[in-house]
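Have the viewer open and follow along.

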Amino acid sequence: MTIDSRRVQALETLIAAHFREHRPVGFYAGKIGVSVAQLNRIARQEAGASVSHLLARRLVDAARRDLIFTPTPVQAIAYSLGFQDPAYFNRFFRRQTGTTPGTYRETERRRLAA
């Protein structure tokens, strides 16, 4: 395993622990001991995406899971994921997935029930 692979593993562990805190990329770079530019280069090379993209992907994955498998209101899911403003969460989710959280929930629950 290369040093860059170990750094990406460390990054993934840090993202899992801190993604709800909406930390800047510099936080992760500092924890791993590299510059922001170097961490982004390593992430793109090893994981195929920038650190920001990996963070957004983790947030969307958690949101999708909560939307489908819990009865929690969208607003509460937004707060649980560290968003200060549920409207911003709605915009973020729509930008990432192409649909609103409410529509996603309805569509996926209908699909699973069929």
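## Where two helices meet

On the H4 side, Arg64, Asp66, Leu67, Ile68 and Phe69 make contact with Pro101, Tyr104, Arg105, Glu108, Arg109 and Leu112 of H7. Sorted by class, that contact between H4 and H7 comes to six nonpolar and five charged residues, with no polar ones. Keep in mind that this is a predicted model.

How do the two helices sit against each other? H4 spans residues 51-69 and H7 spans residues 101-113, and the two pack at about 60° with axes 9 Å apart. An angle like that makes H4 oblique to H7. As for handedness, H4 goes past H7 in a right-handed crossing.

Now zoom in on Ile68, which is part of H4. Is Ile68 buried or exposed? Its relative accessibility is 14%, and because buried means under 20%, Ile68 counts as buried. Leaving out residues up to four places away in sequence, Ile68 touches Tyr104, Glu108, Arg109 and Leu112.

## A second pair

Helix pairs come down to a couple of numbers: the angle between the axes and the distance between them. H2 (25-32) and H3 (36-47) have axes that come within 9 Å and cross at roughly 90°. That makes H2 roughly perpendicular to H3. From H2, the residues in the contact are Val25, Gly26, Tyr28, Ala29 and Ile32, and from H3 they are Val36, Leu39 and Asn40. By class, this contact has six nonpolar residues, two polar and no charged.

Here are the two pairs together:

| Pair | Axis angle | Axis distance |
|---|---|---|
| H4 and H7 | about 60° | 9 Å |
| H2 and H3 | roughly 90° | within 9 Å |

## The start of the chain

H1 covers residues 3-18, which is 16 residues, and runs 22 Å from its first C-alpha to its last, close to the 22 Å expected at 1.5 Å a residue. Which residues of H1 are buried? They are Asp4, Ser5, Val8, Leu11, Leu14, Ile15 and His18. An α-helix has 3.6 residues a turn, so residues three or four places apart point the same way. With that in mind, look at what the buried residues of H1 pack against: H2, H3 and H4.

His22 sits in the loop between H1 and H2, and its phi is near 55°, a positive value in a residue other than glycine. Most residues other than glycine have a negative phi. With a relative accessible area of 35%, His22 is partly exposed.

## Stepping back

What does the whole chain look like? Taken along the principal axes, the C-alpha atoms fill a box of roughly 45 × 30 × 20 Å. Of the 114 residues in the protein chain, 39% are buried. As for contacts with a separation of 6 or more, 54% are between residues 24 or more positions apart.

Terms used:
Residues numbered from 1 in each chain as written. Predicted model: local features only at pLDDT ≥ 70, side-chain atom pairs only at ≥ 80, totals over all residues. Heavy atoms only, no water. Axes fitted to C-alpha atoms, helices over the stretch in contact; angles between N-to-C directions. Helix = DSSP H or I, 4+ residues; strand = E, 2+ residues; numbered from the N terminus. Parallel < 35°, antiparallel > 145°, perpendicular 65-115°, else oblique. Left-handed = near helix turned anticlockwise from the far one by under 90°. Contact = heavy atoms within 4.5 Å. Nonpolar A, V, L, I, M, F, W, Y, C, P; charged D, E, K, R; others polar. Expected span 1.5 Å × (residues − 1). Buried < 20%, exposed > 50% of the residue type's maximum accessible area, 1.4 Å probe, protein only.
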